[in-house]
Amino acid sequence: MAYDLPPLPYDYDALEPYIDGQTLRFHHDKHHAAYVNGLNAALDNLAKARQAGDMAMVQHYERLVAFNGAGHFNHTLYWNNMAPGSGGEPAGNLAQRISHDFGTFEAFKKEFSQATATVEGSGWGLLAWEPMAGRLITLALMNHQNSMLVGAIPLLICDAWEHAYYLKYQNRRADYIEAWWSVVNWKDVAARFEAALKCQMLPMPAMAR
Ligand code: MN
C-alpha cells in the first residue's frame, strides 16, 4: 500500500490574487509530491531496516516517516482549508467555540497569525481541537511535526515555509498570512470541527477537568 498525491481541489490560479498560480503549481506538483515520495520511500526503507535488524536505521527511517508523513498530511489539509471566493468569518458552532475559547474572532485571528508569522525557520500555524479538555488551541509547528500536541485534531493550517509565499511575497511573510485569510474555506474548517467533536479516544479518566 502506497500514499498518493491528491489533485489540487481547484485550478492553480483559482486563489489569485492572494496566492499566485505559479506558487501553487510548484508547491503542489513539486513540494507536496516530494513528501509523498519521501513517505513511500521511508516506509520501504523502514521495512528493509527492520528485516535486517538494523535498529539504528529503523530509528533513522522512523524520523523520516514522521517528517514526510506530516508533510503529506499538512499539505493536503492546507489545500482543502482554502477555496476560491471564500474568506470572511466562520458561522455556527465553530464561530461560537472560537469566541468561547479565544474571546473574539479577531483575537483568534491575531493569535493564529502571530503563531504562523513567528515560526522560526520553516513551519506551520495550526488551529486544532484538543479533546482531553475539549477546547480549541493554536500551535506553531516547526518543520512539519515538531511541537504538535499528540491527540490534538488539526482543523485549520497555514503553511509558513518560504516555498508557500516567496515568489509573490519574498520576505513579507506577514503580508502572505494577511492575504491567506481571504481564501480560508470556513465551511471546510467547520465540517472538520463537527467531525472532531465526534472523535472518541478510548477513555482515560481524569486527564482534564
Ligand atoms: Mn509547503
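Between which two helices does the loop that holds N81 lie? Select N81 to begin: its loop runs between α2 (55–80) and α3 (92–102). The model on screen is predicted.

**Stop 1**

N81 is buried, with a relative accessibility of 0%. Show the residues around N81, leaving out those up to four places away in sequence. N81 then touches L155, L156, I157, V183, V184, N185, D188, V189 and R192.

Stay in this loop and select G85, which also lies between α2 and α3. Is G85 buried or exposed? G85 is exposed, at 88% relative accessibility. G85 and A195 are 110 residues apart along the chain, and their C-alpha atoms are separated by 24 Å.

**Stop 1: two domains**

Colour residues 21–80 and 92–197 separately. The domain assignment calls these domain 1 (21–80) and domain 2 (92–197). Their C-alpha centres lie 22 Å apart. The contact between them takes 15 residues from domain 1 and 21 residues from domain 2.

**Stop 2: the nonpolar core**

Select Y78, F108, L156, Y176, W180 and W186. The largest nonpolar core has 46 residues, and these six touch the most other members. Where does this core lie relative to the two domains? The core lies between domain 1 and domain 2, because both give residues to it.

Move on to F112, which sits in helix α4 (residues 105–117). F112 is buried, at 0% relative accessibility. Beyond residues up to four places away in sequence, F112 touches G125, L126, L127, T138, L156, I157, C158, W180 and W181.

**Stop 3: helix α1**

Select residues 21–52, which form helix α1. Look along the helix for H27, where α1 bends by about 35 degrees. Just after α1 comes G53, with a positive phi of about 70 degrees.

Go back to the segment before α1 and select P17. The peptide bond from E16 to P17 is cis, with omega near 0 degrees. For comparison, most peptide bonds are trans.

**Stop 4**

D159 has a relative accessible area of 0% and is buried. H163, at 18%, also counts as buried, because the cut-off is under 20%.

**Stop 5: the loop between β2 and β3**

Select H144, in the loop between β2 (135–142) and β3 (153–159). H144 is buried, with a relative accessible area of 1%. Leaving aside neighbours within four places in sequence, H144 is in contact with Y35, F67, A70, G71, N74, H75, W124 and W161. S99 is 45 residues from H144 in sequence and 28 Å from it in space, C-alpha to C-alpha.

N143 is in the loop between β2 and β3 as well. N143 is partly exposed, at 30% relative accessibility. Its phi is positive, near 55 degrees, although N143 is not a glycine. Most residues other than glycine have a negative phi.

**Last stop: Q170**

Select Q170, in the loop between α5 (166–169) and α6 (173–180). Q170 is another residue other than glycine with a positive phi, here of about 50 degrees. Q170 is partly exposed, with a relative accessible area of 31%.

Key:
Residues are numbered from 1 along each chain as its sequence is written. This is a predicted model: local features need pLDDT of at least 70, side-chain atom pairs count only at pLDDT 80 or more; totals for chains, interfaces and linings use all residues. Side-chain values use heavy atoms; hydrogens and water are left out. Buried means under 20% relative accessible area, exposed over 50%, partly exposed in between (1.4 Å probe, protein chains only). A nonpolar core is a set of buried Ala, Val, Leu, Ile, Met, Phe, Trp, Tyr and Cys residues joined through side-chain atoms within 4.5 Å. Domain bounds come from an automatic or database domain assignment. Helices (H or I, at least four residues) and strands (E, at least two) are DSSP runs, numbered from the N terminus. The expected span of a helix is 1.5 Å times one less than its number of residues. The bend at a residue is the angle between axes fitted to the seven residues ending there and the seven starting there. Contact means heavy atoms within 4.5 Å.
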